[in-house]
Each structure stands twice: as C-alpha cells, then as structure tokens.
Amino acid sequence: MEILMCIVAGLLFAAAVYLMLSKSLLRIIIGTGLLSHGTHLMLLTMGGLKTGAVPVLGENAASYTDPIPQALILTAIVISFGVTAVFLVIAYRAYQELGTDNMDQMRGMETDD
Amino acid sequence: MSLLHWAILAPFIMAVFVPFLRKKAASIHTGWFVLILPVVLFSTFLQYFPVTMNNGSVSETAAWIPSLGIDFTAYVDGLSLLFVLLITGIGALVVLYSIFYLSKTKESLHHFYVYLLMFMGAMLGVVLSDNVITLYMFWEFTSISSFLLIAYWYDRDRSRYGALKSMLITVFGGLMMLGGFLVLSIMGNTFSIRELAAQAPELNDHPLFLLAMILVLLGAFTKSAQFPFYIWLPDAMEAPTPVSAYLHSATMVKAGIYLVARFSPIFAFSGYWFWIVGAVGLFTMAWASFNAVKQTDLKGILAFSTVSQLGLIMSLLGIGAASLHFDALDDNIYTAAVIAAVFHLINHATFKGSLFMVVGIIDHETGTRDIRKLGGLMSLMPITFTLSVIGAFSMAGLPPFNGFLSKEMFLLSMIQLMELNLFNVESWALLFPVLAWVGSVFTFIYSMMIVFKVFTGKFQPEKLDKKPHEAPLGMLISPIVLALLVVVFGLFPNLLSYSLIQPAAAAIVPSIIPPGEQLYVNIYFWHGITPELLMTIGVIIVGLLLYKWLPKWMGVYDYFPGKVTLNHFYNASLYAAERGSNSITNAYMTGFIRSYLVYIFAFFIAALGFTMWAKEAFTFDASAAAPINFYEVALVLVLIAATLTILFAKSRLTSIISLGAVGYTVSLFFVIFRAPDLALTQLVIETVSTALFLLCFYHLPKLSRHEERRRFQVGNAIIAAGVGMIVTLIGISAHSSKFFDSINAYYIENTYTKAGGENMVNVILVDFRGFDTLFEIAVLSVAALGIYGLIKLRLEKGGETNENE
C-alpha cells in the first residue's frame with residue numbers, strides 16, 4: 001500500500017509541476033493545490049499506513065496509527081487553504097487590473113508600480 | 001589586555017568620540033583634540049627604545065578566539081618600533097598640518113578625523129601583530145580607511161574612481177595575502193609569525209612554500225604599489241593632501257615593505273624571494289621614475305616618485321636576502337642592503353612627507369597644482385621654496401641631505417651584486433646597477449622639476465585662481481620639522497645607526513646575527529672616490545643635461561600608446577566585468593515565472609537525483625507495507641482519473657471540479673488510513689476552496705488554456721515527470737529504510753496524563769505544539785488581511801491610493 005501511495009503522490013507532484021509551468025494563472029493555482037494534496041498523502045504514507053487504530057485513546061486498542069504526521073497535515077491543510085485563497089484573490093485582482101491571466105502578458109506591465 | 005593592546009585600540013576608541021567633539025566644541029578645530037593622541041602614543045612608545053636597542057623584544061598576548069588558536073598578540077621589536085614611531089610621529093605632524101589645511105567651517109571634519117584615526121589604529125595593529133589573522137584584519141582596515149579617505153570629497157568623480165580603484169586592487173591583494181597566511185599556517189601549524197619564522201628551514205622544503213610566498217608577496221606588492229599594481233596610487237592623489245602625505249607616502253604604502261621585511265626571516269633564504277622582490281622592486285623604481293617626468297600635476301609627480309622610491313626599498317630588501325647565504329658577519333657585504341633599506345625608509349618618510357606638505361601649501365595658496373600654470377613663486381613663498389629645495393634635493397640624492405647617504409648605499413648594493421655568485425645572478429648582474437642608475441637619473445630630473453618649474457621661471461598670475469602668498473605659520477610647522485630632520489639625519493646619520501636602523505635591520509635578518517652581537521652600522525659621507533660616488537656624479541651631469549633639454553625628448557612618451565597601458569587594461573576589465581555580469585544576469589532573470597520554476601525544479605531533480613545516485617540511496621523493501629484492498633485501488637483509479645482530467649480539460653470549470661474530486665478522494669484516503677480529523681478538515685476545506693475557485697472562475701476569462709509552443713510543452717512534461725519520479729523514489733526509499741522508531745510513543749503515553757485529552761492529534765495541535773497552532777492562526781489572519789486589502793484597495797492611475805466601496 002505504501003509503495004502504491006508513493007507512486008500516487010509522485011503522480012500528483014508531476015501533474016502539479018506540469019500545471020505550474022503553464023502560462024495560465026488559474027492553472028498555476030490549481031497546480032499548487034495538487035502539490036499540497038500530493039504532499040499530504042506523502043506525509044501520511046511516511047508515518048506508516050494502517051498500523052493500528054485511530055489515534056484516540058478511548059479506542060483502548062493495542063496500537064495506534066502515528067499521530068504526528070496527522071497533526072502536521074492538519075496544519076498544512078489549513079495553511080494551504082490560506083495560500084490558495086490569497087492566490088485566487090491575486091488572480092482575480094490581476095485580471096481586473098490587467099485584463100489578462102496570461103503570465104507572459106503580465107510580465108513587465110506599466111501598472112505594476 | 002596590556003598597555004600595548006590599548007595603544008592599538010586607542011585610536012579606534014578616540015574615533016568614537018570625535019563626532020561628539022565636533023558637535024559640542026564646534027568653535028575649536030577638531031584636529032586639536034585629535035592631535036593629542038598621536039603625541040601621547042609617540043611618547044609612550046619611546047619607552048621601548050632600551051629594549052629594542054639590544055635586539056630585545058616585548059610581547060603581550062590577549063586571547064581573542066582561543067578555540068581557533070587566534071590570539072591578539074602584540075609584539076614590539078626593532079622593526080615594529082620603527083614603524084610605530086613613523087605612524088605616530090608623522091601622524092602627529094599630519095594632524096597638525098591638517099588643522100590649517102582643512103577649513104573648520106566648510107569641511108565635515110568629523111568624518112575626516114574618524115577615518116584618519118581608524119587608519120592610525122589599523123596601521124598600529126598591522127605593525128604590532130604577531131598573529132597573521134589579526135595582521136590581516138588590521139591590514140584590511142587600512143584598505144577600507146584609505147578608501148574612505150580618498151573618497152573624502154565624494155562629490156568628485158575622480159575621487160570616487162580613485163577610491164574604488166585603490167579598494168579593488170589593495171583588497172584583491174589582501175585576500176591573496178590571507179590565502180598565503182592560511183597556507184603558511186597549514187604548513188607550520190601556527191598563526192604566530194615568530195613561531196613560523198622559527199621553523200623557516202623546514203618550511204623552506206615544503207611543497208606549498210612557493211605558493212605561500214607568492215600569495216603573501218601579492219599582498220605586499222599591491223599595498224606598496226609595485227609594478228604592475230601601482231596604478232591605484234596616482235589616482236589615490238584625489239585625497240586631501242594631508243592624507244596623501246600620511247597614507248599614500250609615509251605609512252600605508254609602506255605596509256607592503258613592512259610585510260616583506262617581517263616575512264623575510266621565513267621566506268628570504270629562497271632564491272625566488274631574492275629574484276622576485278629584487279627584480280620587481282628595481283623595475284618598479286626605474287619604470288615609475290621614468291613615468292613621473294611626464295606628469296604635469298605636482299601630486300602626480302610625487303605619486304609616481306613614491307612608487308619609485310618604494311620600489312627602491314623593495315629591491316634593497318630583496319638583495320639583502322643574499323646576506324643569509326654568508327655566515328661571517330664582519331665581511332657580509334649584503335647586510336648593507338638591508339641597512340640601506342631601513343635607512344631609506346626613514347629618509348623617504350621625512351623628505352616625501354615634507355614635499356607633500358609643500359605641494360599642499362602651493363595648492364592651498366595658489367589654487368592649482370599644475371606645473372604648467374605655476375612658476376616664479378620663489379620670491380613670494382621663500383620658506384616654502386627652501387623646504388622644497390631640501391626635500392627635492394634629498395630625494396634626488398644630493399649631499400648634504402639624508403637622501404644622498406641612502407642613495408649611495410643603494411647604488412653600492414647594486415654594484416656589489418655583480419660579485420655575487422648565487423641564484424644565477426652572474427649573467428644578469430650588470431642589469432641591476434644599470435637599471436638603478438637609469439632610475440636615479442629620472443629621479444633627479446623630476447626632483448628638479450618640482451623645485452624649478454614651480455619656483456623659478458615666469459610668474460603667471462593670470463592663470464592662478466588666487467593671489468599667491470606665503471602660507472600661515474601653522475601650516476609650515478610640520479614641513480619645517482620634517483625638513484629639519486632631513487638635514488639632521490643627513491649631517492649626523494649615526495644618530496639613527498644603533499637606535500633605529502640596527503634593531504630594525506636585525507629583525508629582518510635575525511638568523512645571521514649571533515646572540516649578543518649586533519650588525520655593524522656606520523654611515524658616513526666620504527668614502528673616497530668610489531664607484532657609487534662616480535655614479536652619483538654621472539646622475540647629476542646626465543640629469544642636468546636631460547632636464548635642460550626636456551622639451552626636446554618629451555616626445556618619447558608619445559611612443560607608448562594609450563591602448564596598452566595598465567590603466568587602460570584596468571578600465572577595460574572593469575567595464576567588461578560590469579557588462580558581462582549584466583548580460584549573464586539578464587540571460588537568466590527573464591521575468592517569466594516559468595523560467596524561475598524551471599530552475600527550481602531542475603535543481604531539485606539534479607541535486608536529489610545526483611545524491612541518490614552517488615550515495616546509492618535507493619532501496620526497495622515492501623515487506624513492512626500494509627496490504628492493498630479493493631476500495632483503495634478504486635480510489636487510486638479515481639484520483640488518477642481526476643488528475644488527468646485536470647491536465648487535459650479544455651474548460652476551466654472541468655478542471656476546477658476535477659480538483660475538487662481530487663480533494664474529496666484524498667479525504668476518503670484519510671478515512672481509510674485512520675485519520676478522522678484530517679478527513680473532516682479536508683472535506684470542509686475542499687468545499688470552501690472549490691467554492692472560492694468557482695467564484696474566481698466567474699470573474700476570469702472563459703478561455704482556459706493559452707496555446708503553448710510544443711517545445712515548451714515537451715520540456716514541461718519532462719521536468720514534471722522528473723519531479724514526480726524523484727518524489728516517488730525518495731518516498732519508497734524512505735519507507736524501505738527505517739533507521740529508528742517513531743517518537744510517537746511519547747505522545748501515546750503522555751496525551752492523557754500530561755494534557756488530559758484523548759484525541760492525540762488534537763492534543764498535539766493545541767497543547768504539545770500549541771505555539772505552532774498559534775502561528776498558524778497568525779498566518780491565516782495575515783492571509784485574511786491581505787485578501788481584504790486586495791479586494792478593497794484600489795490603486796488609481798497616477799499612483800494615489802484611496803478606497804472605493
């Protein structure tokens with residue numbers, strides 16, 4: 001399962017990088033979203049999958065899954081949401097001000113002072 | 001920390017207070033306060049005379065960086081003391097002179113004196129350091145303060161150009177020297193110069209010996225303006241004249257001489273040292289004196305003459321190295337070269353210092369330093385004229401001044417070289433006295449120019465900005481003192497013999513002096529009709545003839561095309577460096593975000609891929625992996641399908657919805673992998689993000705993709721595949737090689753007992769790592785503020801900000 005998840009995460013990374021290298025601003029933002037999904041899956045995989053019960057003491061299980069990657073990922077989800085939101089608003093405003101979402105056309109515009 | 005350390009640091013401490021003095025006591029010229037320091041230091045250091053006169057030394061150590069073996073060791077011997085007295089003595093005279101030279105009201109005196117004090121302290125540090133690292137540190141301090149002082153009138157282009165040039169060249173040399181010091185310290189396993197000198201015979205056979213020597217010499221040659229590095233010194237003349245007199249003639253440029261003298265005990269046994277130091281010095285001497293004659297600016301003449309005289313001292317030190325190959329002290333004729341070097345060092349400081357001050361007076365009183373505009377000032381400025389005659393005649397090597405004595409000794413040393421049968425000198429021996437003689441002839445010519453072009457000839461008041469008159473007494477005191485020394489040392493040279501010259505020379509060639517004995521120093525005028533006297537007479541006759549016919553042969557200088565000069569080379573290489581770096585930067589800073597991401601990802605692939613390959617880090621071990629069941633395979637397929645849809649979707653809406661599908665699949669994975677908190681959070685966040693995307697979609701243009709060139713698409717695909725591959729490989733390797741157990745046991749044990757909670761993930765977030773969560777909230781609020789600002793703030797055309805509702 002871990003091997004499979006590593007491949008899936010790699011796939012998400014590849015797709016994300018491909019999108020981020022494109023010209024359209026929205027595709028770049030979608031790319032960052034995919035990148036964070038890939039990272040989360042990878043982090044979770046690194047902690048070992050299905051090694052025990054849900055990390056809640058009330059379960060009274062013999063073993064629990066690793067809570068540390070989960071705590072990390074929880075933080076990461078929220079932060080990546082914040083980043084996505086800021087990116088989106090920037091895209092929105094950039095389009096409003098400049099009339100394009102093409103990165104090449106945005107380069108070196110007069111209004112960027 | 002001893003008295004010696006405080007003496008070195010005193011100028012720096014004083015420099016801190018100078019701005020306050022300037023502010024609080026503005027009615028008194030700041031120089032009067034500063035003057036106290038060099039006078040006190042000078043008299044403090046006089047007490048070391050009894051020690052050094054018997055070739056003794058004093059050493060005080062204060063720990064600085066003990067863990068690296070770097071101590072702040074102050075060390076006084078004959079050589080150090082000579083330099084210290086020059087630095088503080090000339091320093092006092094220069095400060096006194098500057099009080100009258102620099103206007104109290106017009107100039108920013110506090111800057112001037114801060115830099116000057118910084119220089120004084122740095123210079124004391126250079127000559128008193130026994131540790132090569134502290135020596136280097138103070139050495140660079142002198143370069144920096146010299147830079148600041150040359151650029152003192154920073155609104156002039158020439159000043160800034162000169163400052164930059166001196167900085168680039170001397171700091172380049174300084175860095176080379178540091179390299180040399182490090183090589184030396186590796187060879188000898190110590191930073192102490194004395195300890196290195198003690199191992200000189202072993203170091204001499206070390207394979208790195210030559211490298212260390214060349215690096216150290218680069219430092220010395222750049223600082224002492226030797227060929228081909230001398231080009232910075234003429235441009236450094238843009239500094240105020242007191243600075244030129246102090247830094248660029250009497251002290252700082254002699255730091256290179258000091259370095260060569262100080263490291264002679266380590267390097268001088270080698271034939272390379274003899275050749276490099278001797279030949280470079282002598283060539284510099286002849287070349288610079290030849291070039292001095294064509295200058296029209298008085299300070300330009302003095303600059304080239306300084307280069308030439310430094311070359312003279314340098315060559316004497318190089319030739320003096322031959323003395324190490326003879327045992328007997330009594331008939332060791334080459335020690336005379338070392339003695340001549342030390343003697344000329346003192347003489348040069350006196351006559352060149354006074355000449356610079358004289359030129360400063362002429363500049364101050366007439367408004368120009370151009371010898372084509374000056375003339376006939378003898379009757380108007382009689383005292384200045386007398387001073388310049390003393391200084392210039394001494395420089396030309398005329399009796400009865402001190403320059404005559406040391407010049408004779410210099411010529412004698414060059415002649416004696418013909419008897420040397422070491423280092424393959426024989427075939428070249430004749431060249432040494434010939435070059436020395438030619439250099440002396442030109443020295444004679446430019447010395448005469450300084451006196452007679454300015455003070456005799458036709459008075460041209462219409463070309464001068466001011467009406468010339470004699471300088472005020474205060475300005476004359478310092479040059480008078482120096483000129484008096486020129487005469488006194490000329491008439492009674494043996495005042496110096498055993499007080500200063502012998503101890504300094506002994507420190508340069510310590511190995512040939514048996515314990516309890518001293519070098520024999522006896523300087524006197526009349527040796528009978530000797531070859532060197534005949535050479536001097538020849539210099540005077542030929543020099544006078546050439547001076548008389550000067551206009552007839554000045555055309556010689558036109559044969560040197562401007563394109564091949566060192567200055568042209570310096571300017572061209574500076575220009576090329578600027579242009580080159582500019583075009584390189586422009587080549588990769590394209591302004592396209594794609595380019596930057598490509599660099600980052602390419603580096604990611606290369607660095608991680610290479611590391612994995614080089615360290616053979618890839619491992620594959622699926623034995624610990626969890627089993628795969630049907631649901632998971634289904635979810636993986638859904639995830640892949642959604643991802644591919646994003647990649648190939650034609651419309652924007654499809655890609656946004658597919659991104660949502662990926663997010664929800666990930667949250668289902670969280671459910672399967674026993675992470676209920678994550679699954680819940682992911683569901684909520686994914687919903688909100690998709691909504692946000694759709695909101696944005698509403699505002700953005702319909703067209704989803706911009707047509708890209710095929711080449712770019714293929715390139716992007718390769719990079720993307722590379723990144724994905726590396727991530728997968730690293731993930732598999734990390735999973736397959738677990739070197740230690742997870743630290744999660746701690747949390748499982750303590751979640752309830754220490755934090756009173758049962759949900760471990762929650763407890764980690766809000767308790768164990770509570771601050772992380774706090775900052776996470778802070779990040780979110782910053783993001784929220786940013787979003788609010790971006791939506792609300794409107795930048796009107798014209799750059800004014802206001803808010804639109």
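In which sense, parallel or antiparallel, do strands β1 and β2 of chain B pair? Strand β1 (residues 58-65) and strand β2 (residues 70-76) of chain B pair in the antiparallel sense over seven bridges. The model is predicted: local features need pLDDT of at least 70, side-chain atom pairs count only at pLDDT 80 or more, and totals for chains, interfaces and linings use all residues. Residues are numbered from 1 along each chain as its sequence is written, while chains are lettered from A and ligands numbered from 1 in the order in which they are written.

**The hairpin of chain B**
- Two strands pair if DSSP finds at least two bridges between them; strands (E, at least two residues) and helices (H or I, at least four) are DSSP runs, numbered from the N terminus.
- Val58(B) stands opposite Val76(B) of β2(B), and Ala62(B) stands opposite Phe72(B) of β2(B).
- Four residues lie between the strands of this hairpin, where Gly69(B) takes a positive phi near 75 degrees.
- Five of the seven residues of β2(B) are buried, so this strand is largely enclosed by the rest of the structure.
- A residue is buried if 20 or more other C-beta atoms lie within 10 Å of its own, exposed if 12 or fewer, and partly exposed in between, with C-beta atoms placed from the backbone.

**Packing of two helices in chain B**
- Helix α16 (residues 335-366) and helix α20 (residues 473-491) of chain B pack at an angle of about 150 degrees, with their axes 9 Å apart; axes are lines fitted to C-alpha atoms over the stretch in contact, and angles run from 0 to 180 degrees between N-to-C directions.
- That angle makes α16(B) roughly antiparallel to α20(B), a term for angles over 145 degrees.
- Residues in the contact include Phe351(B) and Met357(B) of α16(B), and Leu482(B) and Phe489(B) of α20(B).

**The interface between chains A and B**
- In contact are 72 residues of chain A and 83 residues of chain B, a contact being two C-beta atoms, placed from the backbone, within 7 Å.
- On the side of chain A that touches chain B, α3(A) gives the most, with 22 residues.

- Ala734(B) is found in helix α29 (residues 710-736) of chain B.
- Ala734(B) is partly exposed, with 17 other C-beta atoms within 10 Å.
- Ala734(B) and Asp621(B) are 113 residues apart in sequence and 9.9 Å apart in space, C-alpha to C-alpha.

Technical notes
Angles under 35 degrees count as roughly parallel, over 145 as roughly antiparallel, 65 to 115 as roughly perpendicular and the rest as oblique.
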